[in-house]
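Biologist: Hi! Could you walk me through this one?

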Amino acid sequence: MGMNNMSVDLSVTIGSKSLPNPVGVASGTFGYGREYEELLDLKDIGAIFTKAVTVAPREGNTPPRIVETPSGILNSIGLANVGVDKFIKDKLPFLKTVPCAVVVNVAGSTEGEYHQVIEKLESANDDGIWGYEVNVSCPNVRHGGLAFGTDPVQIERLTSALRKMTKRPLIIKLTPNVTDITVIAKAAEAGGANAVSLINTLVGMVINVKEKRSALGMVTGGLSGPAVRPVGVALTYKASRAVSIPVIGMGGITTVDDALQYMLAGASAVQIGTANFVDPGIPRAVLDGIRAYCVEQGLGSVNDIRGLLD
């Protein structure tokens with residue numbers, strides 16, 4: 001059968017909506033979309049997961065904020081962003097025009113802050129917002145940044161409170177820095193999440209030996225890039241078997257092979273993060289590769305990849 005005779009259904013259903021294809025770009029690596037407009041045709045990606053949005057604007061952490069490590073980077077950006085009001089005023093009008101889904105990444109340091117951000121975004125009543133990705137796991141926020149993401153009781157409570165506020169798809173982004181990811185994934189599902197996305201960065205530290213101090217202003221940071229891929233794939237495998245909602249996998253994806261590992265492990269969709277800094281053409285190449293893999297395997301839909309693992 002020739003490549004062109006077979007059409008592959010690339011869409012992925014999450015909640016009551018669907019993404020045009022399974023390849024998204026991860027929060028914090030793609031700005032608010034406009035930054036990459038000239039570098040990548042936005043109709044080639046399934047979703048933009050925006051930079052985190054918080055109630056008030058944030059300057060972010062003390063520099064230095066990024067340090068390279070073998071096969072990865074350590075970042076301590078600290079959720080630097082324009083704040084929800086400016087996001088609605090300055091960033092949403094552009095995002096409304098993009099051909100892919102726009103998932104707003106929402107962060108806060110208290111439960112109330114998450115409520116406020118979603119309340120404002122909901123009242124903006126903007127058809128440019130496809131859904132929300134709730135970041136409960138940013139390891140770089142000083143006050144209780146990790147507590148939310150590591151406590152199933154808090155995750156379930158936060159998720160169910162946010163669930164009542166919106167009909168849009170709600171995706172909870174999980175931290176890998178826990179003893180058992182399945183407990184957290186189940187808590188998100190119990191709270192009414194439509195999907196979970198994972199993994200967020202691993203906690204890491206680099207020490208400048210000459211200067212005898214941490215290479216980052218905030219001492220530790222979040223490790224991302226190819227080094228974390230095996231961890232992401234393993235946790236995707238575990239989480240996808242623990243819940244019946246879709247899992248969106250990420251962590252170190254730079255090639256189609258990486259993405260397929262996540263999908264074979266159980267992910268319904270993937271996000272590409274650190275690789276965007278290296279080559280903004282990677283998401284498109286990954287999507288083309290996933291389509292070709294489906295044709296080669298005789299699959300009618302990307303959703304069939306999940307069932308192939310031995």
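This is a predicted model: local features need pLDDT of at least 70, side-chain atom pairs count only at pLDDT 80 or more; totals for chains, interfaces and linings use all residues.

**A buried asparagine and a helix pair**

Modeller: Happy to! Residues are numbered from 1 along each chain as its sequence is written, and side-chain values use heavy atoms, leaving out hydrogens and water.

Biologist: Which strand is Asn-105 found in?

Modeller: Strand 7, residues 101-106; strands are DSSP runs of E, at least two residues, and helices are runs of H or I, at least four, numbered from the N terminus.

Biologist: And what is Asn-105 in contact with?

Modeller: Leaving aside neighbours within four places in sequence, the contacts (heavy atoms within 4.5 Å) of Asn-105 include Thr-50, Lys-51, Glu-133, Asn-135 and Lys-173.

Biologist: New topic: at what angle do helix 7 and helix 9 cross?

Modeller: Roughly 60°, with the axes of helix 7 (residues 256-265) and helix 9 (residues 282-297) coming within 9 Å. Axes are lines fitted to C-alpha atoms over the stretch in contact, and angles run from 0 to 180 degrees between N-to-C directions.

Biologist: Which residues make the contact?

Modeller: Val-256, Ala-259, Leu-260, Met-263 and Leu-264 of helix 7 meet Val-286, Gly-289, Ile-290 and Tyr-293 of helix 9.

Biologist: What covers the buried residues of helix 9?

Modeller: The cover includes strand 3 (23-25), helix 7, strand 16 (269-272) and helix 8 (275-278). Among the buried residues of helix 9 are Ile-282, Leu-287 and Cys-294.

Biologist: What comes just after helix 9?

Modeller: Gly-298, with a positive phi of about 70°.

Technical notes: Buried means under 20% relative accessible area, exposed over 50%, partly exposed in between (1.4 Å probe, protein chains only).
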